[in-house]
Amino acid sequence: KIMAGTKSGARVDPAVRCSGIDHVVLYVRDVARSVAFYVDILGMTVKHHSTGYAFLHCGDQLFGLFAGDGDTDLGQGAEVSHLAFNVPGGRPDAIKQALADRGIAATGRGGDPDCIYFSDPDGHRLQIVTSEG
């Protein structure tokens, strides 16, 4: 059992009480290409953009794409294991087919045929989580 607090497990007031995630940022090679991917493939909408970055709406969350400075800023997905997106009511077979129709290879996970993993143009690992999956 994981308990917040000290080593003894006694409860303490946190230094900061977070209420949610404001945004997530990924570094990409080509911001325009990545915006097109996340808008056209995952249905996000652009909140605002400027030279070198864009913020997209993903439901109630913000998703940032920043131009990387060569391979030093681009972790090729190593900065996070993966990002998982909710698709309420989505059917895994239909989602896999829609991705395939757009030339995006989706893979599963051993023992979970409804698990949907794929990569964005910069190699960031993405997952779709459905209410059926």
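Tyr27 has Phe66 in β4 as its bridge partner, and this pair belongs to the contact between β1 and β4, which run parallel and are joined by six bridges. Strands are DSSP runs of E with at least two residues, helices are runs of H or I with at least four residues, and both are numbered from the N terminus; two strands pair if DSSP finds at least two bridges between them. The model is predicted, so that local features need pLDDT of at least 70 and side-chain atom pairs count only at pLDDT 80 or more, whereas totals for chains, interfaces and linings use all residues. Residues are numbered from 1 along each chain as its sequence is written, and side-chain values use heavy atoms, with hydrogens and water left out.

Phe66 also stands opposite Tyr53, and the strands β3 and β4 pair in the antiparallel sense over six bridges. On the other pairing of β3, His49 has Ala54 as its bridge partner. The pairings are set out below.

| Strands | Sense | Bridges |
|---|---|---|
| β1 and β4 | parallel | six bridges |
| β2 and β3 | antiparallel | five bridges |
| β3 and β4 | antiparallel | six bridges |

Together these strands make an open sheet of four strands in the order β1-β4-β3-β2, with mixed pairing. Its edge strands are β1 and β2 (45-50), each of which pairs on one side only, and the twist averages 20° from one strand to the next. Two hairpins occur here: β2 and β3 have two residues between them, with Gly52 in the turn at a positive phi of about 90°, while the hairpin of β3 and β4 also has two residues between the strands, and there Gly59 takes a positive phi near 65°.

Helix α1 (residues 31-40) lies across β1, β2, β3 and β4 and runs at about 150° to β4; axes are lines fitted to C-alpha atoms, for helices over the stretch in contact, and angles run from 0 to 180 degrees between N-to-C directions. The chain as a whole has two helices and eight strands, which follow one another along the sequence as β-α-β-β-β-β-α-β-β-β.

What volume does the largest pocket have? It comes to about 390 Å³, and of the 18 residues that line this pocket, Cys58, Gln61, Ala84, Phe85 and Asn86 are the closest to its centre. A pocket is an open set of points on a 1 Å grid over the protein atoms alone, where a 1.4 Å probe fits, with protein on both sides within 12 Å along at least five of seven lines, and lining residues have an atom within 4 Å of a point. Grid points are joined across faces, edges and corners, and the volume is the space filled by probe spheres set on the points. At least two lining residues come from each of β1 (23-28), β3 (53-58), β4 (61-67) and β5 (83-87), with β5 giving the largest share, five residues.

Thr130 lies in strand β8 (residues 125-130). Is Thr130 buried or exposed? Thr130 is buried, because its relative accessible area is 8%, where buried means under 20%, exposed over 50% and partly exposed in between (1.4 Å probe, protein chains only). Neighbours within four places in sequence aside, Thr130 is in contact (heavy atoms within 4.5 Å) with Val87, Gly90, Pro92 and Ile95.
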